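Thank you for letting me take a few minutes of the meeting.

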Amino acid sequence: MGFDAIEIITTKRDRRELSTAQIDWVIDAYTRGGVADEQMSALAMAILLNGMNRREIADWTLAMIRSGERMDWSALDRPTADKHSTGGVGDKITLPLAPLVAACGAYVPQLSGRGLGHTGGTLDKLESIPGWRASLSNDEMLHVIRTAGAVVCAAGSGLAPADKKLYALRDVTGTVESIPLIASSIMSKKIAEGTGSLVLDVKVGSGAFMKNVDDARELAETMVALGGDAGVRTVALLTAMDRPLGRAVGNALEVAESVEVLAGGGPSDVVELTVRLAREMLEAAAVPGAKDPEQALKDGSAMDAWRRMIGAQGGDPDAPLPVAAETMDVVAPSSGVLRRLDALSVGVAAWRLGAGRERKEDAVSFGAGITLHAKPGDTVRAGQPLMTLHADEPGRFERALAVLEGGYEIGEVADPALFPLVIDRITEGDLARD
Ligand code: URA
């Protein structure tokens, strides 16, 4: 059935419900070029302002899935599990997690993205490994997953093309921050990717999309419901992003920290979250006789899976990682306890040092970023380095230092308002009880 884009825009502008047929038509027509960018922008703004109900969000998600291919892993002989993080500062968890879960008995087919703005992208981090390739054909993906148990690569252009076009449009029209549009964007790609189960890591705090727990819970509940409706067993954790995760922020620095975790060391928050998410993935995938993730970190099997995964995508796991040409220490101005270390300030500083990109076409500096020598709650002495900044050009330090000013505070005790690492867990069962 044919519709009129203006009628669909005015329906949402006037706070009325869009029908399934209207949603199917507008997504299909937009993907094919029959609805103009300015019309889709107006509709996205009407949705941002007036929302969509659960039925509309489910229809919108299905229409975006149908705009492209749906991958199928049924030829594999073990269950598939994936994780998606809504993004944060120092969030390198996918790197140790994918091979860890593979070593414990599930297959992990993970399509990831690049960073934009202050949050890093998994593909940018992995591309700091010499030789590693992000773009794979579907046959190559299957080969890597059979070889290593896990594959992390870029989504091909055939997967949810409607979302690709719409996300680029939202990025330049102030319509990113809509829970229905974020939830449908993320879940259309994850459902099209074909995973049997999914664990969502919804970050909360200054360094995340969702600044407060209520918004994060609403996003998590919307995504868990969408996953359940599509037959993908989905669980969400709300986790802290009011301070950076781990001690490394920046592409190659985060790869090095991930390798430490796979070698049985690494910062305690990164280890704790990696193990927790691995257990959630194995449970959601119902892997029979799964190995315990802590054991797989200790006995080297997770590291073996990492080396196979990197090697199968052309990377050399033993090659030295890129290092930035210049470093500068930021020292503690007084003695005491580090009360807070703001995730957004550290993320923007790392971005200004060259770790992130401003426009999609920009290149990132693999060696740039920040090494944190203290985390909230640690005791520090005046003059002790709090962090080391890494950049390719010394001219970048000044703007990074400017954003760090006010981004940390030394006092007597850690700020009691800091979130616990895992704030909440949301399952399909919780939604039914509401
Ligand atoms: N990530 C996505 O893939 N889509 C959004 O809308 C926001 C974050």
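I will talk about the surroundings of the ligand and then about one glutamate. Please keep in mind throughout that this is a predicted model.

Which side chains bring a polar atom to the ligand? A polar side-chain atom of R170 lies 2.9 Å from an oxygen atom of the ligand, while an N or O atom in the side chain of S185 is 2.6 Å from a ligand nitrogen. In the case of K189, an N or O atom of the side chain is 2.4 Å from an oxygen atom of the ligand. Taken alone, the ligand exposes 240 Å², and the protein buries 88% of that.

Now I turn to the glutamate, E280, which lies in helix α12, that is, in residues 268-285. Is E280 buried or exposed? E280 counts as buried because its relative accessible area is 5%, and the cut-off for that word is under 20%. Leaving aside neighbours within four places in sequence, E280 is in contact with V199, V235, L237 and R425. Finally, E280 and A81 are 199 residues apart along the chain, and their C-alpha atoms are separated by 9.6 Å.

Key: Residues are numbered from 1 along each chain as its sequence is written. This is a predicted model: local features need pLDDT of at least 70, side-chain atom pairs count only at pLDDT 80 or more; totals for chains, interfaces and linings use all residues. Side-chain values use heavy atoms; hydrogens and water are left out. A polar contact is a pair of N or O atoms within 3.5 Å; within protein, one must be able to donate a hydrogen and the other to accept it, and residues adjacent in sequence count only if both atoms are side-chain atoms. Accessible areas come from the Shrake-Rupley method with a 1.4 Å probe; for residues, only the protein chains shown count as cover. Helices (H or I, at least four residues) and strands (E, at least two) are DSSP runs, numbered from the N terminus. Buried means under 20% relative accessible area, exposed over 50%, partly exposed in between (1.4 Å probe, protein chains only). Contact means heavy atoms within 4.5 Å.
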